[in-house]
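I opened the file to look up a few points and note them in order.

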Amino acid sequence: MVVRREWIVGCRDVAGRRRSLTVLVNQGQVVVISPPGEAAVLAPLEVGELRSALRQAAMAAVGAEL
């Protein structure tokens, strides 16, 4: 079984340009990478996608520690 290790969540920067947040698992830890030098602005649906990505990454990170 292949465990997913990276999730991409769409967002916008403060100027309204499309950007993305990356959630990944690295050595049993969850890492969130935001747009370089920017704030990430999320619509309500994107918040749900980020929540889901974080939950899946946390579960994958626990599996990586076993």
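Where does Arg-5 lie? I found Arg-5 in the segment before S1. Arg-5 counts as partly exposed, at 36% relative accessibility. I also looked up its distance to Val-25: the two C-alpha atoms are 5.3 Å apart in space, while the residues are 20 apart in sequence.

Entry on confidence. This is a predicted model, and I checked its scores before going further. The mean pLDDT of the protein is 91, and 91% of the residues score at least 70. Among the elements, S1 has the highest mean pLDDT, 97, and H1 the lowest, 93.

Entry on salt bridges. How many salt bridges are there? I get 3. I went through them one by one.

- Asp-13 pairs with Arg-17, with the closest N and O atoms 2.6 Å apart.
- Arg-19 also forms a salt bridge with Asp-13, and here the closest N and O atoms are 3.6 Å apart.
- Glu-38 forms a salt bridge with Arg-17 at 3.5 Å between the closest N and O atoms.

What does the Glu-38 and Arg-17 pair tie together? Glu-38 lies in the loop between strand S3 (29-33) and helix H1 (44-65), and Arg-17 is in the loop between strand S1 (6-12) and strand S2 (18-26). The pair therefore ties together parts that are 21 residues apart in sequence.

I noted that Asp-13, Arg-17, Arg-19 and Glu-38 are linked in a network of salt bridges. Next I looked up how accessible these residues are. Is Asp-13 buried or exposed? Asp-13 is buried, with a relative accessible area of 2%.

Entry on the core. Which residues make up the largest nonpolar core? I listed 11 residues: Trp-7, Val-9, Cys-11, Leu-21, Val-23, Val-25, Leu-50, Ala-53, Ala-57, Ala-60 and Ala-61. S1, S2 and H1 are the elements that give two or more residues to this core. H1 supplies the largest share, 5 residues. Nonpolar side chains tend to be buried together in soluble globular proteins.

I picked Ala-57 from that list and looked up its contacts. Leaving aside neighbours within four places in sequence, Ala-57 touches Trp-7, Val-23, Val-25 and Val-30. Trp-7, Val-23 and Val-25 are also in the list of core residues.

Entry on Val-30 and the surface. Val-30 lies in strand S3 and counts as partly exposed at 37% relative accessibility. Together with Val-32 and Leu-54, Val-30 makes a nonpolar surface patch of about 210 Å².

Entry on Thr-22. I found Thr-22 in strand S2. Thr-22 counts as buried because its relative accessibility is 15%, under the 20% cut-off. What is Thr-22 in contact with, leaving aside its neighbours within four places in sequence? I noted Glu-6, Trp-7, Ile-8, Val-31, Val-32 and Ile-33. One of these, Val-32, is also part of the nonpolar patch, and another, Trp-7, belongs to the largest nonpolar core.

Methods. Residues numbered from 1 in each chain as written. Predicted model: local features only at pLDDT ≥ 70, side-chain atom pairs only at ≥ 80, totals over all residues. Heavy atoms only, no water. Salt bridge = Lys/Arg side-chain N within 4 Å of Asp/Glu carboxyl O. Buried < 20%, exposed > 50% of the residue type's maximum accessible area, 1.4 Å probe, protein only. Helix = DSSP H or I, 4+ residues; strand = E, 2+ residues; numbered from the N terminus. pLDDT = per-residue confidence, 0-100. Contact = heavy atoms within 4.5 Å. Patch = residues over 30% accessible without salt bridge, like charges linked within 9 Å, V, L, I, M, F, W, Y side chains within 5 Å. Areas by Shrake-Rupley, 256 points an atom, 1.4 Å probe, with all protein chains shown as cover. Core = buried A, V, L, I, M, F, W, Y, C linked by side-chain atoms within 4.5 Å.
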